[in-house]
Amino acid sequence: MIQSIDYYAVAPLLVLALTAGLVLLLDAFLPRAPYTRPLLGAVTLAGVLGALGVVIAQAVRGGDPLRTFCVPAGLPGPARAGIGPLNLGTLASGPGGPAGDSSTLCSFVVDDFTLVFAGLALAAGVVVVLLSMAELSFGDIPVGEWYFLLLCTLIGAVALPASRDLIMLVVALELVSLPVFALTALRRYDGRSSEAAVKLFLVSVVSTAVMLFGVSLLYGMTGTVYLDRLAQVLREPITALPAGSGPEPAGATGAYASTLQIAYDLPPVLTVAMVLVLAGFAFKVAAVPFHAWAGDVYQGAPVPVAALLSVISKAAGFAGLILILIAALGGQVAVWAPLVAIIAALTMTVGNLLALRQHHAVRLLAWSSVAQSGYILAPLGVRDAEAMSASIAYLVFYAAMNLGAFAVVMLVSRRGVRGELDDYRGLAFRNPAAGLALAFFLICLAGLPPGLAGLFAKIVVFREIVGGGGAWLAVVMAVNTVVGLYYYLAWAVRIFTPVPAAEGAGIPPAEDGGGRSGWVPVGVAITLAAVVAVIFSVAPQTVLGLLPEAFVASG
């Protein structure tokens with residue numbers, strides 16, 4: 001079987017892959033000169049910007065979604081092992097796409113959903129590359145390997161939202177995850193980084209094993225790996241049961257009366273599969289009770305890697321989770337929605353309570369990121385077709401604010417090794433631009449004016465939860481929002497608190513940070529994040545207008 005390839009559909013991946021290869025070649029053959037590090041950073045940045053340009057071109061082209069790696073028409077359909085044969089009928093040719101030939105199934109679809117997440121990953125990638133240029137401007141971190149692994153992570157983050165079968169979904173998710181613990185360990189002779197890399201590796205292995213177990217059960221019971229066909233299989237009435245499984249349930253030859261009847265009639269192993277897949281993704285996004293790794297890993301990893309984990313890796317995890325829940329298991333919302341709601345409530349509560357006790361800046365952002373995962377999960381816990389849009393909107397708003405905060409933390413960390421919150425006392429007086437920027441990002445994360453981006457994000461989620469009948473979840477989120485105000489404002493107050501002359505400067509004397517090559521990229525990253533956060537605060541419709549409505553309709 002020969003599959004045709006639409007090279008324009010996979011062009012962003014090709015640009016990133018070619019850039020990764022070029023970086024390795026340049027690192028191998030260029031002399032160890034002072035210009036080598038900034039040159040490799042510039043090449044990496046150019047590659048990420050090029051891929052982002054292709055994504056933007058795909059977004060403005062209009063027309064039907066791009067599809068590739070498709071199964072040729074005419075091949076036989078699945079037999080639905082365990083729940084009877086499938087009446088193929090007419091299947092959607094892909095989430096967000098028009099209806100088409102039932103036997104035309106594609107593994108890679110570039111639709112509105114894909115473009116939003118790919119654009120988010122690449123835009124965040126630009127900031128992470130800028131932070132990496134500062135991190136690599138001095139020290140003994142191997143530059144070529146760093147940028148190669150970073151580009152591999154971005155390849156996975158761009159490929160994952162376009163994945164429309166279980167195999168490609170898992171492979172793309174691992175391509176996001178595996179290079180990250182290698183990046184964490186590249187800061188050699190640092191015991192904290194080595195410990196963080198080992199913890200992240202163990203978490204990644206366990207989460208992958210759990211997810212693969214659930215995916216294998218889904219495939220074994222439905223006989224298909226394609227998400228849209230899997231959804232159709234689970235929506236079809238049971239027309240025949242395997243031998244020895246007992247009498248057919250009443251009404252099995254007709255349409256189901258309700259989602260609850262589907263959950264009752266389907267084999268219990270499918271419920272187990274849903275729980276296992278959800279648990280695997282919960283590891284990836286640091287949702288409770290699979291969150292314990294976040295604090296130590298964020299603190300031990302280099303700041304650019306912590307920023308990558310908090311935005312790019314999290315976005316990829318949520319993209320995969322939404323694809324599984326909405327595109328493949330949308331008909332079983334009665335089974336997984338209550339579980340997601342409980343996980344969301346626990347995640348935002350535990351994350352905020354742990355953040356309250358932190359005195360280290362990165363650890364506070366780590367547990368804050370866990371709480372933010374709960375806010376992003378919350379809309380998925382209500383039975384509403386628009387829930388996915390609220391989650392995506394919050395994720396986009398959150399990305400700009402959190403990246404900006406990490407960028408300022410990166411700037412301050414270059415002047416001291418402690419990273420404590422007290423290091424930020426009087427920052428607005430020593431470095432007004434950085435101090436004002438960090439205060440703005442923190443206020444945005446808290447959801448207070450003038451940081452209206454965070455306020456709009458929370459309003460979108462509140463409206464969706466209340467409209468979907470999740471009043472109790474809205475109350476939990478409201479309480480957690482108030483809790484989050486305390487530690488965000490406490491940090492912001494430190495920024496504007498003058499340091500008594502007797503105590504000296506709150507930040508240790510500046511160390512050798514690579515000169516202008518060290519702090520200029522960080523300044524650019526802070527500026528970019530601040531500009532985007534201001535735009536989101538002034539014109540939130542720029543985000544709301546990008547939401548993939550067609551995908552919701554097809555789910």
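A pocket is an open set of grid points with protein on both sides within 12 Å along at least five of seven lines, and its lining residues have an atom within 4 Å of a point.

**View 1. Lining of the largest pocket in the predicted model.** The lining comprises 29 residues, and those nearest the centre of the pocket are Gly119, Leu120, Ala123, Phe536 and Leu546. The volume of this largest pocket is about 880 Å³. Sorted by class, 25 lining residues are nonpolar, three are polar and one is charged.

**View 2. Helices that line the largest pocket.** At least two lining residues each come from helix 2 (36-60), helix 3 (112-135), helix 14 (387-413), helix 19 (516-538) and helix 20 (541-544). Helix 3 gives the largest share, with nine residues.

**View 3. Helix 5 against helix 6.** The axes of helix 5 (residues 166-185) and helix 6 (residues 191-222) come within 8 Å of each other and cross at roughly 170 degrees. Angles over 145 degrees count as roughly antiparallel, so helix 5 is roughly antiparallel to helix 6. Residues of helix 5 in the contact include Leu173, Phe181 and Ala185, and those of helix 6 include Ala196, Phe201 and Met211. The contact of helix 5 with helix 6 has 15 nonpolar, five polar and one charged residues.

View 4. Averaged over the chain, pLDDT is 82, and 82% of the residues score at least 70.

Key: Residues numbered from 1 in each chain as written. Predicted model: local features only at pLDDT ≥ 70, side-chain atom pairs only at ≥ 80, totals over all residues. Heavy atoms only, no water. Axes fitted to C-alpha atoms, helices over the stretch in contact; angles between N-to-C directions. Helix = DSSP H or I, 4+ residues; strand = E, 2+ residues; numbered from the N terminus. Parallel < 35°, antiparallel > 145°, perpendicular 65-115°, else oblique. Contact = heavy atoms within 4.5 Å. Nonpolar A, V, L, I, M, F, W, Y, C, P; charged D, E, K, R; others polar. pLDDT = per-residue confidence, 0-100. 1 Å grid on protein atoms, 1.4 Å probe; cavity = no way out; pocket = protein on both sides within 12 Å on 5 of 7 lines; lining within 4 Å. Points joined across faces, edges and corners; volume = space filled by probe spheres on them.
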